[in-house]
Amino acid sequence: ARLADKTVRFYGEGLSEGHSFTVSELESRQTQAKTLDFSILNSKGSLSEQRYRGIPVYELFTELGICNNAGDVTVYADDGSSVTVSLSKLKGQNYKNFVSPDKKPVCALLAYGSGEVGGDITKGTPLAEADGGPLKLIVPMTAEDDVNSSCCVKNVVAIEVSANEVTTWSHSMSDVFSEFLDYEMSLVLRNDDSEWEYTLTAQQLESLTGLIVREDYSVLEIG
């Protein structure tokens, strides 16, 4: 009961509103919870596979309202230490388990339970303080040499989402939109004699700063 009443605070200029969740509140969200097997690489080069159950952390951000200019995320532990992680790393939903690449993709998880890899997926135990609980942030590996153990924060008590200064209207303003930078569009130019077709990514198009126009337009709505 003591651990169930502990809280994690979400706050920062990158969120529309702040909120504190108790461990028991997060554990009650069974339709939202995921059980995932992660590959964990430490600084000594040791690779292991670990099973956790919890809530995708980015879903909690969107629930509270992720701002358009949201930036890096700082995760605080009960002992006063902290780790800063890029928002894009917490947003991704299809990271690989490098120990067992055929298993389903993983995402960053605010975990409250753990289980035995290879065991019954419906069986597990709550995270004890000795194991990094009651809440532990699990961040996936993004590449074979990505040391992710240092980003897996034990006994999480607060998560702060920062905000970037808005200096551009482009998709590079925040990791909220960065996934669209590689989106492609076709541009076709024609005259009476010829036709030219170009393929541009959103990033290439938005880099043409000398051509960018900002104007106010009037819009007539009919109906």
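Ile-159 touches Val-8, Arg-9, Phe-10, Tyr-11, Val-57, Phe-61, Val-73, Thr-74 and Val-75, leaving aside residues up to four places away in sequence; touching, or contact, means heavy atoms within 4.5 Å. This is a predicted model, in which local features need pLDDT of at least 70 and side-chain atom pairs count only at pLDDT 80 or more, while totals for chains, interfaces and linings use all residues. Residues are numbered from 1 along each chain as its sequence is written, and side-chain values use heavy atoms, with hydrogens and water left out.

Ile-159 also belongs to the largest nonpolar core, which has 32 residues; Val-8, Phe-10, Phe-61 and Ile-159 touch the most other members. Such a core is a set of buried Ala, Val, Leu, Ile, Met, Phe, Trp, Tyr and Cys residues joined through side-chain atoms within 4.5 Å, where buried means under 20% relative accessible area with a 1.4 Å probe, protein chains only. Among the elements that each supply at least two residues are strand S1 (7-11), helix H2 (57-64) and strand S10 (156-163). H2 gives the most, with five residues. Apart from this core lies another, of twelve residues, including Ile-40 and Tyr-95.

Stepping back to the whole chain, there are four helices and twelve strands, which are DSSP runs (helices H or I, at least four residues; strands E, at least two) numbered from the N terminus. Buried residues make up 37% of the 223 residues. Among contacts between residues at least 6 apart in sequence, 61% join residues at least 24 apart. The C-alpha atoms fill a box of roughly 75 × 40 × 35 Å, taken along the principal axes.

Technical notes. Buried means under 20% relative accessible area, exposed over 50%, partly exposed in between (1.4 Å probe, protein chains only).
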